[in-house]
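Okay, thanks for making time, everyone. I'd like to walk through one model today, so let me put it on the screen.

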Amino acid sequence: MAPTIWVAFLFMFAQPTLSQNISLDSHLYPNRTSWSSPSGHFAFGFYKEGQGFAVGIWLLDGSLHKTVVWTANTDEPLVSANATLALTKNDILVSTVEGSQPKSITGGLDGELIYSASMLENGNFVLYGSDSKTIWQSFDCPTDTILAGQSLILPSVQRLRYSEKVLLSSSVSRTNHTMGRFRLTLNLDAGLSLTPADDDSSSYWAPNSYEEEDYKLNLDDNGHMYLAMENDTISWNVTAGWPSSNHTSAIYRATLDQDGNFRLYSHGMQKNNNSAADFRWQAVDDNCSVYGSCGINSYCMLGEPINCTCVPGFDYINSSETSAGCEMRWGDSGFGSVEEKRMTTTIVSLQNTEFKSDYYSLLQNTEKEDCKEACSIDANCVAAQHYISICYKLKFPLRYGRRQREMLIPYVLFVKSANRDWQEKNIPAPFPRHRS
C-alpha cells in the first residue's frame, strides 16, 4: 500500500497549482510546482533550459518543448535544481544557494508592498498591492511575445526623438530564451519595424509610418493586431483577425521568432491542453529578406532551412554554424602591401545577388562591364554591386546578402578573388580578414 501512496503523492506534487490568488510566503521549486491560471492553460514557475532552469510563463499546450511566452531576467545565468522562488511582501525573489543574494524578478517595486499574486487566464502574471491594486505585471515587460489581451505601450514622440523603443526581442532559439539577434522596434523614422539587434538603423520590415497619436500595439482575442491611439481608435491594422465561432476558441500569440520573422500563431486549446500551434501570419514572406539571417560575407538562398553561402574567396567562420558568416580564406595582408603588388586578382560575377549598399563610392550611368573594371583597378574596392545603371563600390565586410533565382531588374555582384597561381605561391592575401 505504501508504494501506491508514495507514487500518488509524487504525481500530485508535480502538478501545477490552480489558484487565482497566490498568498505571501508561497514558494516554487524546479521540476515540482508551478502557479497555473484557473483553466490550466498558462503556468508560471521554473522551466528546464539547457543545463539549468529559468523562470517564466509558458502555454500548457502539450508540445514537446514548452511554448514559453515570457522569461524573467533574460540576461541572467540559469539557476540550478536547488533554486527556490518565494513571493514576499517586497518582491518575487529567486535564491540559488543558501546565504547568497536573492535575485529580483520584477527589478524592484519602488517600496510598494505585495499583498497577493495571480496567474491570470490571459497569460499575465500580476502582483497586487492593497485594495487589489496592480503594482506589477508581466504584460508590462514583454520578452519575445505579445499575447491576446496584451498592449505594448508606445513612448511619446518627445521620448522617441532621442532613442528608439524596443518592443520585443527574439530569443536565441526555442530552447534558449536569452536575448537573440533581432528586435521589434518603434522609431520616428521607420515607425514599427524589425531590425538586427546590433544595427538598429537597418530595417527589413517597416510597413507603416510613425503617427504622433499612436499609443499602443494591441493584440485581441481574435488575432487582430493593430496600432491604436490612447482613446482606442485604430490607426493601422497589422493583421485583420480571425473571428471565432461559438464552437471554437483559440489563444493567440505573436512571437518574434529566433530567425527574425514576426509571426502570429493560434492555439485551439483542448480539454487535455493538447494543441498544435497554427500559423496565421508573418511579417516577412521571404526569410532571406531578414537582415542577419546569414552572417557577414555570405548570401542567403531560400530553402528549408535557408542556405547561407560564402562569397568567393571566403570560408565559413564556423562550419557547423553556416549562418554565422564567413572570413577571408588566404591570410590578412592589407591593400597596398608588398604581397599585393606581387599578385594578380580575378573578378568573380554573381548574378541576381545583392548586398546592402554600404558603399564608399557610387558611380552613376555605368554599364556592368565598366563597373567591373572600375572595381578591378581600385585597390580599395573588394566588391562592386551593379543595379540598373548604378555601380556601388563596397568594402568588407559585406552585409545582408541574398540571392534570388529570378529578379525583374537583376543585381550583379563583382567580387575580387585571388587567382589559383597566386594561391599556389602561398603569398598572403590582399584582403583584410574580418575580425569581430
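Predicted model: local features only at pLDDT ≥ 70, side-chain atom pairs only at ≥ 80, totals over all residues.

Residues are numbered from 1 along each chain as its sequence is written, and side-chain values use heavy atoms, with hydrogens and water left out.

So, the overall picture. The protein has five helices and 35 strands; those are DSSP runs, H or I of at least four residues for helices and E of at least two for strands, numbered from the N terminus. Of the 436 residues, 47% are buried, where buried is under 20% relative accessible area, exposed is over 50%, and partly exposed is in between, with a 1.4 Å probe and protein chains only. The accessible surface is about 22,400 Å², and carbon and sulfur atoms hold 48% of that; the method is Shrake-Rupley with a 1.4 Å probe, and for residues only the protein chains shown count as cover.

Now the open spaces. The grid is 1 Å over the protein atoms alone: a cavity is a set of points where a 1.4 Å probe fits but cannot get out, a pocket is an open set with protein on both sides within 12 Å along at least five of seven lines, and lining residues have an atom within 4 Å of a point. Points are joined across faces, edges and corners, and a volume is the space filled by probe spheres set on the points.

The largest pocket holds about 1,100 Å³. It has 45 lining residues, and R181, F182, D257, Q258 and D259 are the closest to its centre. Strand β17 gives the largest share of that lining, four residues. By class we get 15 nonpolar, 16 polar and 14 charged; here Ala, Val, Leu, Ile, Met, Phe, Trp, Tyr, Cys and Pro are nonpolar, Asp, Glu, Lys and Arg are charged, and the others, Gly among them, are polar.

The second largest pocket is about 380 Å³. Its lining has 22 residues, with C141, P142, T143, V166 and L167 closest to the centre. Here β16 supplies the largest share, seven residues, and the classes are nine nonpolar, 10 polar and three charged.

S293 is in the loop between β24 (277-282) and β25 (298-301), and it's buried at 9% relative accessible area. Its side chain reaches the backbone oxygen of V290 at 3.0 Å. Leaving out residues up to four places away in sequence, S293 touches R181 and F182, among others; contact means heavy atoms within 4.5 Å.

S289 is in the loop between β24 and β25 too, and is buried at 18%. Which side chain does S289 join in a polar contact? R402, at 2.8 Å. A polar contact is a pair of N or O atoms within 3.5 Å; within protein, one must be able to donate a hydrogen and the other to accept it, and residues adjacent in sequence count only if both atoms are side-chain atoms. S289 and R402 are 113 residues apart along the chain, with their C-alpha atoms separated by 7.3 Å.
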